[in-house]
Amino acid sequence: MKYIDEFNDPELARRLLDEIRSTVTRPWALMEVCGGQTHSIIRHGIDQLLPDEVELIHGPGCPVCVTPLDVIDKALAIAARPEVIFCSFGDMLRVPGTGRDLFRVKGEGGDVRVVYSPLDAVDLARKNPDRQVVFFAIGFETTAPANAMAVHQARRLGLANFSLLVSHVRVPPAIEAIMTAPACRVRGFLAAGHVCSVMGTAEYPDLAEKHRVPVVVTGFEPLDILEGIRRAVHQLERGEHRVENAYPRAVREQGNPAAVRMIEEVFEVTDRNWRGIGRIPDSGWRLTDAFRAYDAEHRFDVTGIRTEEPAACRAGEVLQGLIKPTDCAAFGTACTPRTPLGATMVSSEGACAAYYLYRRMTDTPATEGSRIPREEMNPVG
């Protein structure tokens with residue numbers, strides 16, 4: 001399949017690994033921003049094949065994982081209301097709130113539905129004028145255009161029974177927060193290719209210059225990731241700190257101007273809480289005044305919910321790259337995909353879920369012969 005098989009070639013992977021080994025002369029810690037990249041890295045054992053000098057730190061780029069607990073509880077409260085059809089992507093249904101999740105609400109009689117697009121929720125609102133239809137609008141910049149289009153369409157169609165529960169987050173302010181944290185060890189970033197395909201790369205040069213870190217826009221296949229690492233290591237060894245685009249088949253410097261215009265019409269920048277991390281200034285979006293009538297949080301008056309994370313859950317430290325999932329005492333015992341303490345164990349992009357799914361129960365090294373076999377190198381689902 002075009003653009004998949006070509007980026008899953010074991011021989012090319014070995015060549016890239018050889019070049020990284022021949023280039024690196026000192027320890028470097030790189031952070032892959034996106035949870036999809038984390039899953040690809042763990043699935044194919046890329047981190048275990050790198051030379052000891054190159055460490056990969058898993059970043060907070062899992063939108064499900066960073067959705068705050070209080071927002072999850074607001075979703076649960078809204079979804080339990082008899083007049084509501086609550087719509088969400090499937091990966092949010094198992095995310096634990098305080099005492100239950102959306103699957104539990106559905107089992108208790110709530111009308112919770114999995115949809116494949118926010119426009120499906122708009123269509124439900126059109127077909128059910130006597131019900132309130134709410135779409136759970138979470139995610140990074142990648143999902144924002146479709147969510148903006150949904151509320152834009154609802155207004156155009158005059159659907160007063162449609163609303164969004166918004167918990168959008170933005171990558172550049174998260175990078176700023178990571179780099180200014182006292183315990184930060186990150187010396188370079190593999191930026192999320194799909195985010196940059198929407199927003200472009202204009203927000204990253206100032207971050208690279210300010211913190212003197214290379215930022216390499218990277219894709220998701222094994223060769224994409226190895227090429228991103230290769231470029232970052234080359235920059236670090238030469239004392240450079242530039243933005244490079246290693247994902248040109250999907251990313252342009254200007255991004256997608258039409259998508260950006262739609263986002264800017266519907267959303268405005270706001271401070272946002274990140275689950276397990278805390279409040280990051282200017283790191284989120286909320287509906288503008290022109291679309292505030294479609295804000296489910298205000299429509300259903302769920303603004304006063306206060307929550308507290310389980311004491312045993314160290315997902316916040318995982319999301320900040322301070323520990324690996326296996327450093328948590330609850331990993332694989334008290335916390336499993338069936339009994340999750342935090343969202344990182346159930347999200348399809350969560351680091352804990354990746355370690356559990358691919359049986360990375362301890363941090364043992366791999367050999368080149370034991371990882372990246374051709375028949376296993378399929379895209380992460």
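How many of the 10 residues of helix α9 (residues 171–180) are buried?

## Helix α9

In this predicted model, 7 of the 10 residues of helix α9 are buried, so the helix is largely enclosed by the rest of the structure. The buried positions of α9 are V171, P172, P173, A174, I175, I178 and M179, where buried stands for a relative accessible area under 20%.

## The parallel sheet

An open sheet is formed by 5 strands, which follow one another in the order β2-β1-β7-β8-β9 and pair in parallel fashion. Strands β2 (54–61) and β9 (243–245) stand at the edges, and because each has a single partner strand, one side of each is left without a neighbour in the sheet. On average, and with direction ignored, neighbouring strands of this sheet are turned by 25° against each other.

Within the sheet, strand β7 (residues 188–192) runs parallel to strand β8 (residues 215–218), and the two are joined by 4 bridges.

## Packing of α8 against α13

Helix α8 (residues 144–157) packs with helix α13 (residues 257–266) at an angle of about 60°, their axes lying 9 Å apart. The two helices, α8 and α13, are therefore oblique to each other, and their crossing is left-handed.

On the α8 side, the contact involves A144, P145, A148, M149, V151, H152 and R155, which meet A259, M262, I263, E265 and V266 of α13. By class, the residues of this contact between α8 and α13 divide into 9 nonpolar, 1 polar and 2 charged.

Definitions and conventions. Residues are numbered from 1 along each chain as its sequence is written. This is a predicted model: local features need pLDDT of at least 70, side-chain atom pairs count only at pLDDT 80 or more; totals for chains, interfaces and linings use all residues. Side-chain values use heavy atoms; hydrogens and water are left out. Two strands pair if DSSP finds at least two bridges between them. Axes are lines fitted to C-alpha atoms, for helices over the stretch in contact, and angles run from 0 to 180 degrees between N-to-C directions. Buried means under 20% relative accessible area, exposed over 50%, partly exposed in between (1.4 Å probe, protein chains only). Angles under 35 degrees count as roughly parallel, over 145 as roughly antiparallel, 65 to 115 as roughly perpendicular and the rest as oblique. A crossing is left-handed if the near helix is turned anticlockwise from the far one by less than a right angle, and right-handed if clockwise. Contact means heavy atoms within 4.5 Å. Ala, Val, Leu, Ile, Met, Phe, Trp, Tyr, Cys and Pro count as nonpolar, Asp, Glu, Lys and Arg as charged, and the others, Gly among them, as polar.
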